[in-house]
Protein chains: 2
Amino acid sequence: MNIDMIEQAAKRLKGHARKTPLLSSPFLDDIAGRRVFVKAECLQHTGSFKFRGAWSAISMLTDNALKTGVIAFSSGNHAQGIALAARLHKTPATIVMPNDAPQLKIDNTCALGAKVVLYDRTNEDRQAIGEKLAAERGLTLIKPFDEPQVIAGQGTCGLEIAEQAAEEGIDTADVLVCCGGGGFTSGIALALEAVAPGLRVRPVEPVNFDDVTRSLVSGQIEHNTQTSGSLCDAIITQQPGDLTFPIMHRLCGPGIIVDERDCLRAMVQAYARLKIVLEPGGAIALAAALYYGDQIEGEAVIVTASGGNVDRSVFQHALETYGDQI
Amino acid sequence: MNIDMIEQAAKRLKGHARKTPLLSSPFLDDIAGRRVFVKAECLQHTGSFKFRGAWSAISMLTDNALKTGVIAFSSGNHAQGIALAARLHKTPATIVMPNDAPQLKIDNTCALGAKVVLYDRTNEDRQAIGEKLAAERGLTLIKPFDEPQVIAGQGTCGLEIAEQAAEEGIDTADVLVCCGGGGFTSGIALALEAVAPGLRVRPVEPVNFDDVTRSLVSGQIEHNTQTSGSLCDAIITQQPGDLTFPIMHRLCGPGIIVDERDCLRAMVQAYARLKIVLEPGGAIALAAALYYGDQIEGEAVIVTASGGNVDRSVFQHALETYGDQI
């Protein structure tokens with residue numbers, strides 16, 4: 001993995017992925033006590049940054065591989081990214097999804113033309129299912145994070161952050177990234193190392209799912225004891241990846257662990273102040289900026305708002321519970 | 001009014017106003033039966049395109065005028081745009097707002113440092129109040145739409161639409177614009193006339209507040225009989241402006257009149273498919289694209305999503321009432 005791969009991915013994504021805006025609001029600055037910049041990846045195609053990695057990986061496939069098709073396992077955002085990128089490449093897609101994924105993510109993945117195979121997150125291993133189906137049917141498996149071209153695709157977001165931060169006059173800041181398996185985090189970190197070394201990437205995770213934060217402390221890959229039971233479904237993984245962890249270990253600062261309720265509060269602030277829709281896992285970095293400021297350094301902070309694919313009941317619950325804080 | 005004024009405004013806005021993205025979703029294309037592109041001005045500073053005109057006008061003032069301060073009358077979006085642009089220019093702002101404006105808009109305007117004066121929309125004339133206060137206190141009145149530098153500022157959105165449409169390969173399409181007094185509509189029309197003449201601007205208005213549509217038919221300025229009682233508070237005005245109407249009459253195609261309930265439906269689609277928050281008046285052009293397709297020509301349509309400053313109760317009502325259509 002290196003910056004050349006990310007820059008090559010950026011060329012392949014040009015005209016296909018969106019350059020998402022870097023948003024801000026004086027009201028959020030007031031809450032955080034510093035300037036807050038929000039990279040709104042919920043506005044990316046399919047509602048999350050995952051389209052970047054999906055396009056990056058599928059656009060590298062041979063004609064033969066495209067003809068046979070691709071397979072992926074995902075809680076929903078990688079699923080949708082793969083489904084749309086596959087459709088645009090005219091290649092069939094099969095997606096292995098947990099049966100407790102948000103209904104919206106399952107529905108969207110089907111509507112984008114992918115074949116969805118559901119599994120039970122508590123007693124089945126999605127990686128094993130995906131690898132078995134791939135072997136049986138000759139499909140190309142595109143892993144959600146531990147895959148070089150996926151990491152390179154996610155890293156293109158880091159190139160944009162560097163450019164947009166420079167336009168705002170910011171060359172030193174913490175960059176808080178919503179972190180699951182580390183594909184987004186490590187991709188952005190690699191990009192910033194090369195083009196904006198004053199920007200330090202820090203993973204943000206929910207309470208009880210802090211595998212990356214603990215791994216960064218211990219220096220080796222640590223596991224979560226749970227793999228379900230979080231509102232932040234988009235960023236719940238068993239452990240950081242074999243490819244992503246060494247990159248994060250080398251480049252990323254201490255993790256921040258956030259209470260899920262603060263993700264809901266941050267969703268409401270993003271709705272009211274930035275006019276964007278976030279899912280809980282996509283709001284976790286903003287939550288860290290707004291409510292965990294004592295763990296952050298500097299006069300400005302940059303956060304990723306990684307996805308907006310939230311079930312309506314969860315969004316309404318957030319508005320009803322925390323709407324009076326607007 | 002001419003394209004040079006818009007291009008000059010674009011120079012003054014550079015680095016201050018946001019270049020908002022042109023969003024799309026295959027799900028919206030399916031509903032509309034054609035490609036739909038959404039210029040997401042809800043992501044502009046203060047949550048609506050109005051910041052463009054406000055910055056354009058205030059950035060033209062003399063040091064003396066800035067020292068005394070500015071005054072504006074507005075249902076809320078111009079108010080917030082003026083309040084923030086004034087604060088950034090370090091000039092005091094007084095805003096005359098209707099007492100039935102959404103509470104969020106009143107609160108935000110105050111929070112941005114403006115002094116708010118409320119009036120009764122049913123029996124007081126905001127223009128007269130604004131002009132009187134301006135005369136008494138020596139303040140510069142910045143009208144919400146019938147003001148050359150405001151129209152020029154709103155027109156900068158048209159320059160961006162032209163550029164972004166070209167990137168999507170679109171040179172012929174209807175451009176549906178959420179229309180109140182016509183500042184946004186006429187500014188965009190002037191910009192497109194100069195740089196993308198294949199893009200035809202069409203105003204979109206709510207049922208019972210179709211003054212511009214009727215004025216375009218009759219060839220003279222027509223009035224609304226009501227000036228309150230609409231969810232689309234942002235685009236309710238008594239009549240088109242003396243400056244804006246001749247421009248619209250020369251350049252804009254037939255208006256489209258939309259049922260308010262369809263604005264709420266479009267808000268829900270924008271939430272689910274684009275991950276943006278719209279207010280009813282800001283969703284009216286999208287509603288026309290999605291649900292009034294028989295009045296639209298061409299394989300693609302461009303719509304403005306002009307603002308997102310919606311009271312939470314209205315947003316929740318939309319989600320509860322039309323959320324099952326996602």
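Which residues of chain A does UniProt list for "domain: Tryptophan synthase beta chain-like PALP"?

1. The UniProt record, an unreviewed entry, gives residues 15–304 of chain A for that domain. Keep in mind that we are looking at a predicted model. In this model the span is 44% helix and 16% strand, and its end C-alpha atoms lie 21 Å apart.

2. Beyond its neighbours within four places in sequence, Leu176(B) is in contact with residues including Ile256(B), Ala285(B), Ile296(B) and Val303(B).

3. Now for the rings: over all chains, there are 9 aromatic pairs. Phe49(B) and Phe184(B) count as stacked because their ring centres are 3.8 Å apart and their planes meet at 10°. This pair joins distant parts of the chain, 135 residues apart: Phe49(B) is in the loop between strand E2 and helix H3, and Phe184(B) is in helix H9. Phe49(B) has 9% relative accessibility, so it counts as buried; Phe184(B), at 3%, is buried too.

4. Tyr271(B) and Phe315(B) are edge-to-face, because their planes are at 75°, with ring centres 6.2 Å apart. Tyr271(B) belongs to helix H12 and Phe315(B) to helix H14. Both are buried. Together with Tyr271(A) and Phe315(A), they form one aromatic cluster.

5. Finally, two arginines in chain A deserve a look. Arg265(A) lies over the face of Tyr291(A), 3.9 Å from the ring centre, while the charged end of Arg273(A) sits over the ring of Phe27(A), 3.8 Å from its centre.

Key
Residues are numbered from 1 along each chain as its sequence is written. Chains are lettered from A and ligands numbered from 1 in the order in which they are written. This is a predicted model: local features need pLDDT of at least 70, side-chain atom pairs count only at pLDDT 80 or more; totals for chains, interfaces and linings use all residues. Side-chain values use heavy atoms; hydrogens and water are left out. Contact means heavy atoms within 4.5 Å. UniProt positions are given in the numbering used here, feature names are shortened, and annotations may be inferred rather than shown by experiment. Helices (H or I, at least four residues) and strands (E, at least two) are DSSP runs, numbered from the N terminus. Rings of Phe, Tyr and Trp (its six-membered ring) pair if their centres lie within 6.5 Å; planes under 30 degrees apart count as stacked, over 60 as edge-to-face and the rest as tilted. Buried means under 20% relative accessible area, exposed over 50%, partly exposed in between (1.4 Å probe, protein chains only). A charge sits over a ring if NZ of Lys or CZ of Arg is within 6 Å of the ring centre and within 35 degrees of the ring normal.
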